[in-house]
Amino acid sequence: MHTTSIGRRSLLQGAGVAALAATGLTIGESRAQVQAPWSTGTELAKLKAPENACDCHMHIYDARFPVAANATLRPGDAHVADYRLLQKRTGTSRNVVVTPSTYGTDNSCTLDAMAQLGPAARGVAVVNTGVTDDELKRLNGLGIRGIRFNLVQAGATSLDMVEPLAKRVAELGWHVQIHMLGDQIVKIEDLLNRLPSPIVFDHMGRIPQPAGTDHPAFGVIRKLIDKGRTWVKLSGAYQDTKVGPPSYADTSKVAQAYAKAAPERMVWASDWPHPTQKDNEKANDAVLFDLLTEWAPDEATRRRILVDNPATLYGFSK
């Protein structure tokens, strides 16, 4: 009896170790948690990420690459190895590296990170109207799938570049990613309706609080979604909240409304290393990931948001 008990215990322990190995974590990490730079807390997310779950918006910073002279955000280094630690907390395995405003139109840091991350990574670049067709084709071959216009931390691009560049990248099947405040978005509704390329809105369209879904920007984005070529990143819950963590109840209502209305046009993202937050006020990425259980309570919907939609938008294998 004693021998049987020990054998069964060994079998269960072996199965546990095998299951843990499949997550990429060691026994020590499972008990002691994981510390990822630029992220508060050490606990793992409670929500189990499905296979091929994608973080659709994160940045890499590396002092090897020169900062743009007019950059307003200049965070410290956040390397690929650091991000790998974050992935152990969230369980995501695919990701989209977005060129931050820090580097202007120099996409070297993003491309270097994508090369390190391998086939599980795609990228979003920043270019201006001076970019050549050959350069766009080169970026496409390296895994870039869209261009970003950050008109909140403005500098490298301007509003008048959006339409001409959208026409050029549409031929490559790329999208135009928009980071603008909700009030700004309302003012360019006509422009957005003219764009020939798909549109992706950063951070839920930066809907102001406490107006939330009653703000006109939410209506503008919803109408664009209904036209069939617009996507929204369910990310940056901390960007416009008045409530704050851990519930982010006000911005969570916006995310819930988006996910309920058009789950087929939603993707999720961490926005790590949270460059707009102060170093001592970084978000807890496990908490941010777990918010998805409230934003999209249905497991099939979460899989759509984490796996299927990113595969379509960024060209991952299905």
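Predicted model: local features only at pLDDT ≥ 70, side-chain atom pairs only at ≥ 80, totals over all residues.
Figure 1. Strands of a sheet pair through backbone hydrogen bonds, in either a parallel or an antiparallel manner.

**Figure 2. Pairing of strand 2 with strand 3.** Strand 2 comprises residues 94-98 and strand 3 comprises residues 121-125. The two strands pair in the parallel sense over 4 bridges. Within this pairing, V97 has G123 of strand 3 as its bridge partner.

**Figure 3. Surroundings of N95.** N95 is located in strand 2. The relative accessible area of N95 is 1%, and the residue is therefore buried. Apart from its neighbours within four places in sequence, N95 is in contact with C54, D55, M58, Y83, Q87, L117, A120, A121, R122 and F316.

**Figure 4. Helix 4 and its buried residues.** Helix 4 spans residues 108-117, and its buried residues are C109, T110, L111, A113, M114 and L117. In an α-helix there are 3.6 residues a turn, so residues three or four places apart point the same way. The elements against which the buried residues of helix 4 pack are helix 3 (80-90), strand 2, strand 3, helix 5 (133-141) and strand 4. Just after helix 4, G118 adopts a positive phi of about 85°.

**Figure 5. Packing of helix 9 with helix 10.** Two packed helices are described by the angle between their axes and the distance between the axes. Helix 9 (residues 216-226) packs with helix 10 (residues 249-261) at an angle of about 20°, and their axes are 11 Å apart. The two helices are therefore roughly parallel to each other. The crossing in which helix 9 passes helix 10 is right-handed. Helix 9 contributes F218, I221, R222 and I225 to the contact, while helix 10 contributes V254, A257, Y258 and A261. Of the residues in this contact, 7 are nonpolar, none is polar and 1 is charged.

Methods: Residues numbered from 1 in each chain as written. Heavy atoms only, no water. Axes fitted to C-alpha atoms, helices over the stretch in contact; angles between N-to-C directions. Parallel < 35°, antiparallel > 145°, perpendicular 65-115°, else oblique. Left-handed = near helix turned anticlockwise from the far one by under 90°. Contact = heavy atoms within 4.5 Å. Nonpolar A, V, L, I, M, F, W, Y, C, P; charged D, E, K, R; others polar. Pairing = 2+ DSSP bridges. Buried < 20%, exposed > 50% of the residue type's maximum accessible area, 1.4 Å probe, protein only.
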